[in-house]
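Dear colleague,

I am handing over the structure below, and after it you will find notes on what turned up when I went through it. Please read them with the coordinates open.

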Amino acid sequence: MAAPGSRGAALTRDSPCWIDGRKDRKTDVSYLDPPPMPAAIVVQKDVGGLVRAYQDRTELYRSQNREVRLHECRSACTLALSLPNVCVYPSSQLKFHQAYNDITKEVDYGVTNELWSAYPQAVREKLGTLTRQYKVLRGSELIAAGIRNCNAPAKQPQIMIAKATPAPAAESGD
């Protein structure tokens, strides 16, 4: 449970998902406890938890350029949308709401604003605003808003060739 004044939303941190490529057996990994590198993090159902823990993990994934694939993701888990290597499936469901203190049940507007500012502009436009009640966006809506489709073929890295151009000759002032 979040302590009064803590930076978190209610809900638990234990959220099942399984490792990409090993869907035949479920494991006890979650957004907060990922599989070893370089495996993608495949979130099957994550109900969220303390926002600070998700912020910290999201920043780690950003620094690792880790791929995160979202199926069902609620609450603090939606911070994954801020990652450059995140994708959703057309059938994915993401559920958004205001952050609140688990003990007092009061909205934490500061943390809510942190969540809001982490979302891509197109997602914020789709949501309009956050409320205490869940707002649900389907994967197809997020894909239309510019979030990568996990089912789409991977883009090949672009190779750029730099060509040196000689600097203009300096004019002599003599």
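The buried residues of helix H1 are covered by, among others, strand E1 (41-46), strand E2 (68-74) and helix H2 (109-118). Please keep in mind throughout that this is a predicted model.

The buried residues in question are Val 51, Tyr 54, Gln 55, Thr 58 and Tyr 61. They cover an arc of only 125° around the axis, and therefore lie on the same side of H1. Just after H1, Asn 65 adopts a positive phi of about 50°.

**Aromatic rings**

The model holds 4 aromatic pairs. One of them joins Phe 96 and Tyr 119 edge-to-face, with 5.2 Å from centre to centre and 90° between the planes. This pair links distant parts of the chain, since Phe 96 belongs to strand E3 (residues 86-96) whereas Tyr 119 lies in the loop between H2 and helix H3 (121-127), 23 residues apart. Tyr 119 also pairs with Trp 116, and because their planes stand at 80°, with the ring centres 6.5 Å apart, that pair is edge-to-face as well. Tyr 119 is buried at a relative accessible area of 2%, while Trp 116, at 22%, is partly exposed. Elsewhere, ring pairs link Tyr 31, Tyr 54 and Tyr 61 into a cluster, and two of its members, Tyr 54 and Tyr 61, are among the buried residues of H1.

Charged ends also sit over rings: that of Arg 132 over Tyr 100, 4.2 Å from the ring centre, and that of Lys 95 over Tyr 134, 5.8 Å from the ring centre.

**Salt bridges**

The count of salt bridges comes to 7. Glu 67 is buried with a relative accessible area of 19%, and Arg 69 counts as buried at 17%. Asp 102 and Lys 105 form another, their closest N and O atoms being 3.1 Å apart; here Asp 102 is buried, at 14%, whereas Lys 105 is partly exposed, at 44%.

Conventions:
Residues are numbered from 1 along each chain as its sequence is written. This is a predicted model: local features need pLDDT of at least 70, side-chain atom pairs count only at pLDDT 80 or more; totals for chains, interfaces and linings use all residues. Side-chain values use heavy atoms; hydrogens and water are left out. Buried means under 20% relative accessible area, exposed over 50%, partly exposed in between (1.4 Å probe, protein chains only). Helices (H or I, at least four residues) and strands (E, at least two) are DSSP runs, numbered from the N terminus. The arc is that of the directions from the helix axis to the C-beta atoms. Contact means heavy atoms within 4.5 Å. Rings of Phe, Tyr and Trp (its six-membered ring) pair if their centres lie within 6.5 Å; planes under 30 degrees apart count as stacked, over 60 as edge-to-face and the rest as tilted. A charge sits over a ring if NZ of Lys or CZ of Arg is within 6 Å of the ring centre and within 35 degrees of the ring normal. A salt bridge is a side-chain nitrogen of Lys or Arg within 4 Å of a carboxyl oxygen of Asp or Glu.
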